[in-house]
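How can a reader find a way through a protein model one step at a time? The paragraphs below follow the strands, the core and the loops in turn.

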Amino acid sequence: MQITAEVKEEVSAPSYTVTVPASVAMGSLSTEQENALSYTVKVEAADLNGTISVSAPQEGSLVSGENSLSFANSFGTQTVSADTEGTDLEGTISITAEAVAAAAAGNYTGTTTFAISYAAN
């Protein structure tokens, strides 16, 4: 008697969630001291078997009508390479007092875009 059987390979796919704040508010900016606001990007991962990379541009601009105000973002590129129920990645948005002093009065808004990628081992 010949017996045949097939066992299918089950490759577990990683499951991960990256939560970036929808918005942050810096409030009234100072012309006398540096303006900084820390924020957190939260990563949850299961069956990772690889690396999640999260990155953001190091600088950007806020605009109010025709006026602009530059900001720096310290986040850079950060990685998570182990399963986690919650890892906090930290960044800081900062605007110099000098830039604020030179800016026209107004309500400034802007956007920064985060890039999220996964690379398997």
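Strands, as the word is used here, are DSSP runs of at least two residues in state E, and they are numbered from the N terminus. The model itself is predicted. Strand 7 covers residues 84–95, and Thr-84 lies in this strand. A residue counts as buried when its relative accessible area is under 20%. Thr-84 has a relative accessibility of 15%, and therefore it counts as buried. Leaving out residues up to four places away in sequence, Thr-84 touches Val-43, Glu-44 and Ala-45.

Ile-95 also belongs to strand 7. Its relative accessible area is 0%, so Ile-95 is buried. When neighbours within four places in sequence are set aside, the contacts of Ile-95 include Met-26, Leu-29, Leu-62, Leu-69, Phe-71 and Val-100. Between Ile-95 and Asn-73 there are 22 residues of separation in sequence, while their C-alpha atoms are 9.2 Å apart in space.

The pairing of strands may be considered next. Strands of a sheet pair through backbone hydrogen bonds, either parallel or antiparallel. Strand 5 and strand 7 are joined in the antiparallel sense by 2 bridges, and Ala-72 stands opposite Ser-94 of strand 7. Strand 4 and strand 5 form a hairpin that has 2 residues between the strands, and Gly-65 in the turn has a positive phi of about 60°.

An open sheet is built from 3 strands in the order 6-3-8, with antiparallel pairing. Its edge strands are strand 6 (77–80) and strand 8 (115–120), each of which pairs on one side only. From one strand to the next, the twist averages 20°. Strand 3 and strand 8 run antiparallel and are joined by 6 bridges; Ile-52 stands opposite Tyr-118 in strand 8.

Which residues touch the most other members of the largest nonpolar core? This core has 20 residues, and those with the most such contacts are Val-41, Ile-52, Val-54, Phe-75, Leu-89 and Phe-114. Two or more residues each come from strand 2 (35–46), strand 3 (50–55), strand 5 (67–73) and strand 7. Strand 2 contributes the most, with 4 residues. In soluble globular proteins, nonpolar side chains tend to be buried together.

Most residues other than glycine have a negative phi. Asp-47 is not a glycine, yet its phi is positive, at about 50°. Asn-49 is found in the loop between strand 2 and strand 3 as well, and its phi, near 45°, is a positive value in a residue other than glycine. Are these residues buried or exposed? Asp-47 counts as partly exposed because its relative accessibility is 45%. Asn-49 has a relative accessible area of 56% and is therefore exposed.

Terms used. Residues numbered from 1 in each chain as written. Predicted model: local features only at pLDDT ≥ 70, side-chain atom pairs only at ≥ 80, totals over all residues. Heavy atoms only, no water. Buried < 20%, exposed > 50% of the residue type's maximum accessible area, 1.4 Å probe, protein only. Contact = heavy atoms within 4.5 Å. Core = buried A, V, L, I, M, F, W, Y, C linked by side-chain atoms within 4.5 Å. Pairing = 2+ DSSP bridges. Axes fitted to C-alpha atoms, helices over the stretch in contact; angles between N-to-C directions.
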